[in-house]
Structures are given as C-alpha cells and as structure tokens.
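Please look over the sequence and the 3D view below before reading on.

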Amino acid sequence: RIVFNSVREGSRDLYWKSTAGGEEELLLRSAESKTPSDWSSDGKFLLFHQGNEREGVWDVWVLPFSHDRKPFPVVQSPFNETHAQFSPNGRWIVYASDESGTRELYAPPFQPGQAASSSLPAKIQITNGGGTQPRWRRDAQELFYLDQENRIVALPVKLEPKFEVGKPQPLFQVRGARPFQDILYSYDVTPDSQRFLFNVSLDGTISP
C-alpha cells in the first residue's frame, strides 16, 4: 500500500491505496494537517507529522494499524519536529527538531504500549552543528542526513545494546536542495546505499 495526504475536506488528511490498484481509502481525518513520514518495518505503525500548516509547527505522531487505529503523539512540543523515521529494528525514532535554535537530529526510544517512566532512556541528540532529513542504511550501520552546508553526511550508528553514534563523515555536496526550509524529503537512498536520488531546483547546474 501507498499512504499519501490530500486536501479534500479542508485539511490534509491521510489516505492509502493498494499498489495493485483499486480505490483509495480514507485512513485518518482530523482538523489538523497531516503528512506521512515512515512505515515501521513490521508494517504495524505509520509515522506522520501533524500540526498547523500556516504556522509551520509540526509534531510527530504514530498511527497504529490495530482495530481502533487510534493515533498517539510521540513528540509534542512548542518546537518544530519533522522528518521522523523508524530505526530498522523498530526500537527508536529519529527526527529533526529546531528546539536548540537550529535543526538537529534526536532519537527517542519507541516502546508502544509501555507508559513513560524514569527507567526508560531519554531522547538522544545525535547531531551537533545542524542536521535534518535522516535516512537509514538498511543494515542500520549508518544514518544519512543533510547538514547546514547542504552536504550528505554518513553517521556510523550502533543500536545494540544501546543507541550510539560515531564520527560523522561528509560524503558530497548537494546543489539546489533546501533541507532546512522544507518538511518534505529532498532525497532518498537505495537499499544498498550505493546511489542517492535527489529532488532539486533547476538552476543551470547539475547535482552530483
């Protein structure tokens, strides 16, 4: 299935449709605008952003595909949280937030059904100096992101027994991308991490 948003009843609601064809179905309707972000690897949860589109303030929510499909917030604050992604093992969520004054990447644990307590680990700040639009390498050994200089950066990651990051390694510059001004992704990476696909503005130059 493919999940998408559409303005049909006054706000951006979530719909889904089978890749085999057929009619689309309403997945989630509410007064707030919603943008899908990621699907858990086991297919049980959908990450999406919900917020005030005019003010440009978004929070991170999860829609479970249980019988009641009742969404719940994962990150809800006065700040702007975007580009949320599940870790490949489903135990963490990585997202970008401007709570420090610039967008950085953070990783809170994801443990649905378990009440928050002091025994649960707090969110981890995993970039320092700007970071947004995280994408996982399929084997979870690296996390890619865009920095403030429009560079793709590879960040070594270890998920077990706890979330740890290594030294970030800039890979290459991207021309025409606007990573810190958009809620949408401007790139994706193939499962083998050997090729990147970018959506950039045409300005007479060719991106690498």
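## Briefing

Ring pairs join Phe144, Phe172, Tyr185, Tyr187, Phe196 and Phe198 into a cluster. The model is a predicted one, and the secondary structure of the protein consists of 18 strands and zero helices.

**The protein as a whole**

- Of the 208 residues in the protein, 42% are buried.
- The accessible surface of the protein amounts to about 11,400 Å², and carbon and sulfur atoms account for 48% of that surface.

**Aromatic rings**

- A search that covers the whole structure finds 17 aromatic pairs. In one of them the ring centres of phenylalanine 86 and phenylalanine 110 are 5.2 Å apart, and because the ring planes stand at 65°, which is over 60 degrees, the pair is edge-to-face.
- This pair ties together parts that are 24 residues apart in sequence, because phenylalanine 86 belongs to strand E8 (residues 81-86), whereas phenylalanine 110 belongs to the loop between strand E10 (104-107) and strand E11 (124-125).
- Phenylalanine 86 has a relative accessibility of 4% and therefore counts as buried, and phenylalanine 110 is also buried, with a relative accessible area of 8%.
- Rings also take part in arrangements with charged side chains: arginine 1 lies over the face of tryptophan 16, at 4.3 Å from the ring centre, and arginine 8 lies over the face of tyrosine 15, at 4.3 Å from the ring centre.

**Salt bridges**

- The count of salt bridges comes to twelve. One of them joins the side chains of arginine 29 and glutamate 9, with a distance of 4.0 Å from N to O.
- Arginine 29 is in the loop between strand E3 (25-28) and E4, while glutamate 9 is in the loop between strand E1 (2-7) and strand E2 (12-17), so this pair ties together parts that are 20 residues apart in sequence.
- Arginine 29 counts as partly exposed at 43% relative accessibility, whereas glutamate 9, at 53% relative accessibility, counts as exposed.
- Another salt bridge is formed by lysine 123 and glutamate 99, whose closest N and O atoms are 2.5 Å apart. Here, too, distant parts of the chain are linked, since lysine 123 lies in the loop between E10 and E11 and glutamate 99 in the loop between strand E9 (93-97) and E10, 24 residues apart.
- Both partners are partly exposed: lysine 123 has a relative accessible area of 39%, and glutamate 99 has one of 29%.
- A further salt bridge holds aspartate 147 and arginine 151, with the closest N and O atoms 2.8 Å apart. Aspartate 147, at 6% relative accessibility, counts as buried, whereas arginine 151, at 24% relative accessibility, counts as partly exposed.

**Lysine 34 in strand E4**

- Lysine 34 is part of strand E4 (residues 33-39), and at 0% relative accessibility it counts as buried.
- The side chain of lysine 34 makes a polar contact of 2.9 Å with the side chain of aspartate 13, and a polar atom of the lysine 34 side chain lies 2.5 Å from the backbone oxygen of glutamate 32.
- When neighbours within four places in sequence are left aside, the residues in contact with lysine 34 include Asn5, Asp13, Arg29, Phe48, His49 and Trp58.

**Threonine 35 in strand E4**

- Threonine 35 is likewise placed in strand E4, and at 10% relative accessibility it counts as buried.
- The side chain of threonine 35 makes a polar contact of 3.4 Å with the side chain of asparagine 5.
- With neighbours within four places in sequence left aside, threonine 35 is in contact with residues including Asn5, Leu14, Phe48, His49 and Trp58, and also with Ile183 and Leu184.

Conventions: Residues numbered from 1 in each chain as written. Predicted model: local features only at pLDDT ≥ 70, side-chain atom pairs only at ≥ 80, totals over all residues. Heavy atoms only, no water. Phe/Tyr/Trp six-rings, centres within 6.5 Å; stacked < 30°, edge-to-face > 60°. Helix = DSSP H or I, 4+ residues; strand = E, 2+ residues; numbered from the N terminus. Buried < 20%, exposed > 50% of the residue type's maximum accessible area, 1.4 Å probe, protein only. Lys NZ or Arg CZ within 6 Å of the ring centre and 35° of its normal. Polar contact = N/O pair within 3.5 Å; in protein donor to acceptor, adjacent residues only side chain to side chain. Contact = heavy atoms within 4.5 Å. Areas by Shrake-Rupley, 256 points an atom, 1.4 Å probe, with all protein chains shown as cover.
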